[in-house]
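Please read this briefing alongside the sequence and the 3D view. The points below are grouped by topic.

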Amino acid sequence: MSDVNIVERGRTLVVNPLVTCQPLGAMFATLGIHRGLPLVHGSQGCNTFVRYAFNRHFREPAEIAVTSLHEDAAVFGGRSNLINGIKNLSKRFRPDLIGVVTTCSSEIIGDDVDGFMKIAHKELSEEIGEEKANKTKLVHISTPSFVENHFRGYGNAVKAFVNTLVEEPIESNEKLNIIPGMVNPGDIREIKHMLGLMGTEVIMLSDTSDPFDSPLRPSTTESMPFYPKGGTRVEEIADSSNSLGTISLPFYGDDAANSLEKKYDVPAKIGPMPIGVQNTDEFVRNVTKLTGLEASEELLDERGLLIDSMADLCSRYLFGRKVAIYGDPALVMGMARFVCEMGMIPSFVCTGVENPEFVEEMKKVGKESEGPVEVMPGSDLRALEVRLEEDPVDLVIGNSEGRLITRDLGIPLVRVGFPVYDRAGYHRVPILGYNGSVNLIDRITNMVMEKYYDEQHWKLQQ
């Protein structure tokens with residue numbers, strides 16, 4: 001068992017932050033709804049920043065509307081902006097759902113968002129008819145930007161969908177609800193693939209795979225208005241109360257999962273993020289407990305391929321190497337355990353969120369590690385940079401925000417998570433599940449070979 005040292009940031013100032021504000025996560029979740037549109041009740045910058053972040057990570061357009069609050073709204077409120085925004089979107093884009101995402105400005109001035117939404121629906125019914133107006137569901141997602149982070153914004157959005165759209169259960173649909181979290185399209189497709197091998201149908205809350213990585217087929221693509229293929233349908237969310245259970249891969253999906261359990265007796269399982277052998281095994285066990293189904297031979301073969309990859313590569317290239325990991329706390333927790341499974345040492349684990357589950361999980365990981373683990377909750381990349389200058393590691397695992405730090409320190413960076421904008425195609429390649437873990441071990445090993453073996457090729461033959 002190794003030492004686990006919990007280190008606080010030690011300053012109020014945040015330098016090179018690891019998290020951003022809640023609305024980003026809420027917009028991400030809303031874009032995972034089929035024919036869903038986020039309507040940001042705030043300033044234009046709240047919309048533009050998020051669209052830019054999504055565009056450069058996924059290389060796909062993100063349709064996000066905004067009520068464009070200006071200085072006068074701080075005095076008179078944003079009533080007319082929100083009502084007109086809802087009406088204009090409903091008439092022109094005919095969405096199945098509008099997620100009204102609040103920001104710091106609309107939360108601080110105290111806009112009665114629920115009241116404004118009712119007025120907008122009433123006026124819309126008078127103008128286009130009640131039947132057409134009812135086709136667009138309105139969901140209020142409260143995401144004040146001055147508290148919490150984008151992970152919690154994602155969780156708040158999924159909880160709002162569940163509380164607003166889910167209907168009373170009738171009979172079991174024999175499906176499983178999955179809250180995937182802020183993961184890539186490739187990861188969602190991998191989870192679907194695993195559940196398909198087990199014979200389980202799934203309702204993703206929500207499904208951002210096709211909306212952010214959509215097939216381009218002009219002959220079949222709806223043009224006016226344009227919506228990408230895929231996403232979770234409103235009817236599927238309504239039907240989630242009839243499911244066998246809910247599994248939230250990240251801890252920040254707990255509110256929605258627990259709400260389904262409390263209101264409709266849908267059993268809930270929270271975590272872990274299925275990265276590596278142990279966590280993916282736990283995910284499969286949760287599926288079997290909720291559905292009564294067993295892991296198929298095909299799925300067990302995929303697990304065997306992961307074990308084989310570890311046997312082939314870990315002892316030769318990875319064992320004993322020190323690693324620093326940063327990013328999404330749920331992702332960091334899974335990566336840290338997988339690193340230990342490969343015989344590497346997670347010397348530093350850093351996340352921008354103060355979360356007790358993260359700290360407790362890292363204490364468990366510390367017992368599995370061959371070396372000391374320094375845990376940095378609620379921290380930033382500047383704090384990690386200082387520690388890496390003092391105590392260098394062999395490898396860093398995280399998103400593109402750390403690229404300049406690792407370049408300056410001469411440490412290779414294995415890119416995972418969100419955002420990755422200085423490499424192409426990473427959002428299509430899964431890192432979850434058994435197949436995703438094989439991709440990860442190959443990615444890590446290739447980076448080690450490139451950095452530590454390319455100058456001395458003879459070592460590769462040993």
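Helix α12 (residues 254-264) lies across the strands β6 (175-179), β8 and β9 and runs at about 160° to β9. Angles here run from 0 to 180 degrees between N-to-C directions, and axes are lines fitted to C-alpha atoms, for helices over the stretch in contact. Helices (H or I, at least four residues) and strands (E, at least two) are DSSP runs, numbered from the N terminus.

The model is predicted, so local features need pLDDT of at least 70 and side-chain atom pairs count only at pLDDT 80 or more, while totals for chains, interfaces and linings use all residues. Residues are numbered from 1 along each chain as its sequence is written, and side-chain values use heavy atoms, with hydrogens and water left out.

- Strands β7, β6, β8 and β9 form an open sheet in the order β7-β6-β8-β9, with parallel pairing; two strands pair if DSSP finds at least two bridges between them.
- The edges are β7 (201-204) and β9 (268-270), each with a single partner strand, so one side of each has no neighbour in the sheet.
- On average, neighbouring strands of this sheet are turned by 25° against each other, direction ignored.
- Strand β8 (residues 246-248) is joined to β9 by three bridges, and the two run parallel.
- I247 has K269 in β9 as its bridge partner.

**The partner helix of α12**
- Helix α8 (residues 150-165) and α12 have axes that come within 7 Å and cross at roughly 25°.
- This makes α8 roughly parallel to α12 (angles under 35 degrees count as roughly parallel, over 145 as roughly antiparallel, 65 to 115 as roughly perpendicular and the rest as oblique).
- Residues in this contact include R152, N156 and V158 of α8 and D254, D255 and A256 of α12; contact means heavy atoms within 4.5 Å.

- Strand β11 (residues 345-350) is largely enclosed by the rest of the structure, because six of its six residues are buried (buried means under 20% relative accessible area, exposed over 50%, partly exposed in between, with a 1.4 Å probe and protein chains only).
- Five bridges link β11 to strand β10 (residues 322-326), and these strands run parallel; A324 stands opposite F348.
- Three bridges link β11 to strand β12 (residues 373-376), also running parallel; V349 stands opposite V375.
- The chain passes from β11 through helix α16 (residues 356-368) to β12 in a right-handed β-α-β crossover (with the strands pointing away from the viewer, the path from the first strand over the helix to the second runs clockwise).
- A right-handed β-α-β unit is also made by β10, helix α15 (residues 329-341) and β11.

**The largest nonpolar core**
- This core has 103 residues, and F54, F161, I178 and F283 touch the most other members; a nonpolar core is a set of buried Ala, Val, Leu, Ile, Met, Phe, Trp, Tyr and Cys residues joined through side-chain atoms within 4.5 Å.
- Helix α15 supplies the largest share of the core, nine residues.
- Leaving aside neighbours within four places in sequence, the contacts of F283 include I178, I247 and P274.

**Backbone details in loops**
- The peptide bond between L205 and S206 is cis, with omega about 5°, and S206 is in the loop between β7 and α10 (209-212).
- E174 is not a glycine, yet its phi is positive at about 60°.
- E174 sits in the loop between α8 and β6 and counts as exposed at 51% relative accessibility.
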